[in-house]
Amino acid sequence: MAEITVKVVEWEQYPVIEIIRRRVFQDEQKVQAELDLDGKDKMCPQLIAYLDNAVVGTARIRYLDEKTAKIERLAVLSSARGKGIAKKIMVHALEVIASENIPEVMLNAQEYIKGLYLQLGFEQVGTVFQEAGIPHVKMIKSLKV
């Protein structure tokens, strides 16, 4: 059985994060590079997922203030999808945020994958909106800290 591990790293340590995001967001989803690479990565904890020691996924955590964190840029390479990697990244991200005593997490979910976030206890807030030309929904989750 394949082993999935997730680690928190610094942006500078892993240029592979940029490669994964380029493949998923720019190549597959046609998101403009400047919308993805927004200059905020250096101040955000980055998560990297490994599938049997190969880097296959990533996400970042951005702390908006003392009470709210936002999980962003969740991306899994197409060859590794359907194996629970996105869920494992999200669970790890929620653990990291809880360890910082942040009581609320938010994210803008691509509409087609909001089911994953619902499984993890997120609730949809508001209606569908466009972000980078892709339908999204805002979702929030309260953490017990």
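Trainee: Where is Thr 58 found?

Mentor: Thr 58 is found in strand β3, a strand being a DSSP run of E of at least two residues, and a helix a run of H or I of at least four, numbered from the N terminus. The model is predicted: local features need pLDDT of at least 70, side-chain atom pairs count only at pLDDT 80 or more, and totals for chains, interfaces and linings use all residues. Residues are numbered from 1 along each chain as its sequence is written, and side-chain values use heavy atoms, with hydrogens and water left out.

Trainee: Why is Thr 58 called buried?

Mentor: Its relative accessibility is 0%, and buried means under 20% relative accessible area (exposed is over 50%, partly exposed in between; 1.4 Å probe, protein chains only). Thr 58 therefore counts as buried.

Trainee: What makes up the largest nonpolar core?

Mentor: The largest nonpolar core has 32 residues, and those with the most contacts inside it include Ile 85, Ile 89 and Phe 122. Such a core is a set of buried Ala, Val, Leu, Ile, Met, Phe, Trp, Tyr and Cys residues joined through side-chain atoms within 4.5 Å. Helix α3 gives the largest share of this core, eight residues. Ile 89 touches Val 6, Leu 47 and Thr 58, among others, not counting residues up to four places away in sequence.

Trainee: How do you know that β6 and β7 pair?

Mentor: Two strands pair if DSSP finds at least two bridges between them. Strand β6 (residues 123-131) and β7 have six bridges, in the antiparallel sense. Gln 124 has Met 139 of β7 as its bridge partner. In their hairpin, with two residues between the strands, Ala 132 takes a positive phi near 55°.

Trainee: How much space lies in the largest pocket, and which residues are the closest to its centre?

Mentor: The largest pocket holds about 740 Å³ of space. A pocket is an open set of points on a 1 Å grid over the protein atoms alone, with protein on both sides within 12 Å along at least five of seven lines; lining residues have an atom within 4 Å of a point. Of the 39 lining residues, the closest to the centre are Phe 25, Arg 73, Leu 74, Gln 110 and His 136. Strand β4 gives the largest share of the lining, seven residues.

Conventions: Contact = heavy atoms within 4.5 Å. 1 Å grid on protein atoms, 1.4 Å probe; cavity = no way out; pocket = protein on both sides within 12 Å on 5 of 7 lines; lining within 4 Å. Points joined across faces, edges and corners; volume = space filled by probe spheres on them.
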